[in-house]
Amino acid sequence: MPDNIAATPTKLSVNLNAVAFLRNRRDMPWPSVVDTARLVLDAGAHGITVHPRPDQRHIRFNDVHDLATLIAADYPEAEFNVEGYPSRDFLDLAMASRAHQVTLVPDDPGQSTSDHGWQVEQNQELLGSAIDALHANSQRVSLFVDVNAADVCAAGDVGADRIEFYTGPYAALFERSEHGGELGRLNDAAHAARQAGHNAQPGSRALTMNAGHDLTLSNLPALKEVVPDLAEVSIGHGITADALVMGFPEAVRRYLQVLS
Ligand SMILES: CC(=O)[C@@H](O)[C@H](O)COP(=O)(O)O
Ligand SMILES: NCC(=O)COP(=O)(O)O
C-alpha cells in the first residue's frame, strides 16, 4: 500500500564520468569536466557527482580536486557528491575534497560499472568506520543499496544519513515494460526508509532517499510516482546521451522539469 506522501521536487546531481571518459580518449584537455560542470550548474542543476575509479579510466583524482575548487569558489549553493568504494585511497580523496556528500558504493576495482548495492549487515564494520571518519570530517554519507527493506534498515542502523537506491534493474525492466514488480519493491523499500534512520531531522527518524543508475527522462516519472519524496538523483549516462542531441543546458532543463 503506498504511503500518503506529498510530492517534493527532487534535486538533480549531474554525473560527469561520461564526459571524463570522452576526454580520456585523447591526450587532450577537452571536453573539460570543469567547463561542463559550469554549464550544467548554470542551467540549474543542483549538484555534481563523480565516481572516481581506482584505474582513473574516466574521472581522474585531480578532477575531483578541480571540481571541489570550482564549486567552493563559484557555486557555493551547489552540492558536490563523490562516490566510490571506501578504500583508504578513496576516503583520503573524498575527505580532502570536502565533498558535501560521499556515497559509498561496493564496487570492486575491476568492475566496469556499478551493478549491485551493499549487503549492509555483512559489511557493518567497514561501513561503520568509514561513516564515522566521514562524519568526523563533517561530510554527509549515503549508502548505495539494492531496493530492499533489509538493507535500507541496516543502513540506518550503521549510521548512514541517506541511502541511494540502485536503479539499474528498474531501468532495465522499464525498457521491456516489465517494471511493475520493481516499482512495488521501490514502494516497500521507500516505506522502510521513511521509518528508519538515526539522525535526519530532529524529531524525525526518516532516512533520506537518493536514487541513481541508468535513470532517464523516460523512466523518471514512474519512479517519482512511487517515491514522491525522493531527495536527489544522480544521472550521468542518460543525460550525457541527451546532451549530445540537445546540449547540456536543454537536457538539464528537461530533467528538472520531470523532477519538479
Ligand atoms: C553508483 C553508480 O551507479 C554510478 O556512480 C555509476 O556506477 C557510475 O559509474 P560509471 O560511470 O563508472 O559507470
Ligand atoms: N549514482 C548514480 C550515478 O551517479 C549515475 O549513474 P548513471 O546515470 O551514469 O548510470
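**View 1. The UniProt "binding site" residues.** UniProt, in an unreviewed entry, puts its "binding site" feature at Arg53, His58 and Thr113. They span 61 residues in sequence, yet no two of their C-alpha atoms are more than 11.5 Å apart, so they gather at one spot. Positions from UniProt follow the numbering used here, feature names are shortened, and the annotations may be inferred rather than shown by experiment. The model is a predicted one: local features need pLDDT of at least 70, side-chain atom pairs count only at pLDDT 80 or more, and totals for chains, interfaces and linings use all residues. Residues are numbered from 1 along each chain as its sequence is written, while chains are lettered from A and ligands numbered from 1 in the order in which they are written.

View 2. His58 sits in the loop between strand 2 and helix 3; helices (H or I, at least four residues) and strands (E, at least two) are DSSP runs, numbered from the N terminus. Is His58 buried or exposed? With 22 other C-beta atoms within 10 Å, His58 is buried. The cut-offs: buried takes 20 or more other C-beta atoms within 10 Å of the residue's own, exposed 12 or fewer, and partly exposed is in between, with C-beta atoms placed from the backbone. Setting aside residues up to four places away in sequence, His58 touches Asn17, Ala20, Phe21 and Asn24; a contact here is two C-beta atoms, placed from the backbone, within 7 Å. Thr113 is in the loop between strand 4 (101-104) and helix 5 (124-136), and its 13 C-beta neighbours inside 10 Å make Thr113 partly exposed.

View 3. An unreviewed UniProt entry lists His51, Glu83 and His213 under "active site". They span 163 residues in sequence, yet no two of their C-alpha atoms are more than 12.3 Å apart, so they gather at one spot. His51 belongs to the loop between strand 2 (47-50) and helix 3 (61-74) and counts as buried, with 24 C-beta neighbours inside 10 Å. Not counting residues up to four places away in sequence, His51 touches Asn15, Asn17, Ile59, Glu83, Gly84 and Val105. His213 is in the loop between strand 7 (208-212) and helix 9 (220-226), and it is buried too, with 26 other C-beta atoms within 10 Å. Beyond its neighbours within four places in sequence, His213 is in contact with Ser114, Tyr166, Thr167, Gly168 and Ala171.

**View 4. Around ligand 1.** Which residues surround ligand 1? The shell is made of Asn17, His51, Arg53, Glu83, Val105, Thr113, Ser114, Phe144, Gly212, His213 and Gly236; a residue is taken as near if its C-beta atom, placed from the backbone, lies within 6 Å. By class that gives two nonpolar, seven polar and two charged residues. Here Ala, Val, Leu, Ile, Met, Phe, Trp, Tyr, Cys and Pro count as nonpolar, Asp, Glu, Lys and Arg as charged, and the others, Gly among them, as polar.

**View 5. Around ligand 2.** Ligand 2 is surrounded by 14 residues, the closest being Asn15, Gly212, Ser234, Gly236 and His237. Strand 8 and helix 10 each supply at least two residues of this shell. Its residues split into two nonpolar, nine polar and three charged.

**View 6. Helix 10 and its cover.** Helix 10 (residues 237-246) has Gly238, Ile239, Thr240 and Ala243 as its buried residues. What covers them includes strand 1 (11-15), helix 1 (17-23), strand 8 (232-235) and helix 11 (248-259). After helix 10 comes Gly247, with a positive phi near 90°.

View 7. Most residues other than glycine have a negative phi, and most peptide bonds are trans. Trp30 and Pro31, though, are joined by a cis peptide bond, with omega about -5°; Pro31 lies in the loop between helix 1 and helix 2 (33-42). Gln56 is not a glycine, but has a positive phi of about 55°, and is found in the loop between strand 2 and helix 3. Ser177, another residue other than glycine, has a positive phi near 55°. Ser177 lies in the loop between helix 7 (168-175) and helix 8 (180-195) and counts as exposed, with 7 C-beta neighbours inside 10 Å.
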